[in-house]
Amino acid sequence: MRLRTVEISVGAFMLAGILALAFLAIQVSGLSIRENNRATYTLYAHFNNVAGLAVRAKVSMAGVVIGRVTSITLDPKDGRAKVAMSIDKSVNYLTTDTIAAIQTAGILGEKYIALSNGGDPDILKDGDEITDTQSALVLEDLIGKFLTSMGNKKD
Amino acid sequence: MLNFLQRLGATGLETLAVFGRSGIIWWHALWGWPDWRNGPRLLIRQLYFVGVYSLVIIVVSGIFIGMVLALQGYTVLVRFGADQALGQLVSLALIRELGPVVAALLFAGRAGSALTAEIGLMKATEQLASMEMIGVDPLKRVLRPRLWAGMISMPILAQIFNMVAIWGAVAVGVDWLQVDAGSFWANMQSAVEFREDVVNGLIKSVAFGAVVTWIAVFQGYDAAPTSEGISTATTRTVVYSSLAILGMDFLLTAVMFGVK
């Protein structure tokens, strides 16, 4: 075995190890998020409660995925959650009265944003805000309301 | 009764002596003034035999383990409508446990046994003795590069194993079973912490690499210089290092991920 081949393959081996570690760091543990290079535009929406919604969650319309949540921040002006979504450029017919609701896939599934189109003639453009929103359903609140109403009925 | 006690005591002392001997050999072989002239060349050669030769078995079993994990995970998760959590399940299982452990078990079978047989044969054919005769320390010349090569290549192999297994899981989960690719990666990225999971997995694999090569090299060095002795030593290497890997994995997991 010539030393040169040995050295080359050891070098390739170590390089493969470093690449694997980089893959695990970037792609798997998400040290920096992969850029999606498809053409998109950004819409904003304010929610009272985004409990359980994650960055990179789906944005869907009639069950079809049309975008992703890109950031979730707390708006200091009104203390509500400000959600930025990147929507596929091809979906360019969202009206200004579009409703954005946070929904859950199954009982234990992940949260996503469901958009439903309205009938307004004006179209949402890049940077616009969806004003009509419905917050995440918090199961504990619902159970709490249910229990108090049950208690009230008995009296 | 006394005979039994005597036998028990003898076994205990013998075990203790083996541990002490292997510890002394490990210490003397691993540490000390580095040999700048020959060291790198010997180390690269051992990295080649220990690391590069193990690559094929690691990659192939990684792909299949990732695919099986994805398939089994999917069939259970899809009942609860939680098949988006597949990426999370697969990546955490691989990075925390399966990657380091399975790669180390394969490494023990592939490289550990070869190391034992090689050193055992060197001893049987009196190469080690003749090295000492011409004033070369076989601990430094033969054992040291092998020990270091094991400790360096084991984490590399484990990371390659993880990467390939996740690709296998993507092939089955995303491309075949149609789990949403974005949810798959997003859940994975939100579940896996670099410091907590990837680095701890890396530490595990370094520890396993050190233990496997330690056992392999010591069994070879300590083997009876006969064909039978070498075969016993090789078997012992595989058995002992597998047990050591699994036992150590429990301890390391308890320390790293245990209840705080």
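Reader: What are the ground rules for numbering and for the model?
Author: Residues count from 1 along each chain as its sequence is written, and chains are lettered from A and ligands numbered from 1 in the order in which they are written. This is a predicted model, where local features need pLDDT of at least 70, side-chain atom pairs count only at pLDDT 80 or more, and totals for chains, interfaces and linings use all residues, while side-chain values use heavy atoms, with hydrogens and water left out.

Reader: How many residues are in contact between chain B and chain A?
Author: 36 residues of chain B touch 30 residues of chain A. Contact means heavy atoms within 4.5 Å.

Reader: And what area do they bury between them?
Author: About 2900 Å², with 72% of it on carbon and sulfur atoms. Buried area is the accessible area (1.4 Å probe) that two parts lose on being put together, summed over both.

Reader: Which residues in chain B lose the most area to chain A?
Author: B:Tyr48, B:Gln189 and B:Phe194. Together they make up 21% of what that side buries.

Reader: How many salt bridges cross the interface of chain B and chain A?
Author: The rule finds one. B:Asp180 pairs with A:Arg68 through their side chains, at 3.3 Å, N to O. The rule asks for a side-chain nitrogen of Lys or Arg within 4 Å of a carboxyl oxygen of Asp or Glu.

Reader: Which helices of chain B supply at least two residues to the side that touches chain A?
Author: H2 (39-50), H4 (86-124), H6 (138-176), H7 (181-191) and H8 (194-221) each do. H6(B) gives the most, with ten residues. Helices here are DSSP runs (H or I, at least four residues), strands likewise (E, at least two), numbered from the N terminus.

Reader: How do the residues on that side of chain B divide?
Author: 21 are nonpolar, eleven polar and four charged. Ala, Val, Leu, Ile, Met, Phe, Trp, Tyr, Cys and Pro count as nonpolar; Asp, Glu, Lys and Arg as charged; the others, Gly among them, as polar.

Reader: Switch to helix H1 of chain A. What span should its 26 residues have?
Author: H1(A) covers residues 3-28 and should span 38 Å at 1.5 Å a residue. Its end C-alpha atoms are 36 Å apart, which agrees. The expected span is 1.5 Å times one less than the number of residues.

Reader: Which residues in H1(A) are buried?
Author: Among them are A:Val6, A:Phe13, A:Phe23 and A:Leu24. Buried means under 20% relative accessible area, exposed over 50%, partly exposed in between (1.4 Å probe, protein chains only).

Reader: What do those buried residues of H1(A) pack against?
Author: H2, H3 (55-77), H4, H6, H7 and H8 of chain B.

Reader: Where is A:Ala62 found?
Author: In the loop between strands E2 (58-61) and E3 (64-74) of chain A. Most residues other than glycine have a negative phi. A:Ala62 counts as exposed because its relative accessibility is 79%.

Reader: What about B:Gln178, buried or exposed?
Author: Exposed, at 59% relative accessibility. B:Gln178 is in the loop between H6 and H7 of chain B. Its phi is positive too, about 65°.

Reader: Last one. Is B:Gln46 buried or exposed?
Author: Buried, because its relative accessible area is 8%. B:Gln46 lies in H2 of chain B. Leaving aside neighbours within four places in sequence, it is in contact with B:Gly51, B:Leu115, B:Pro145, B:Arg146 and B:Ala149.
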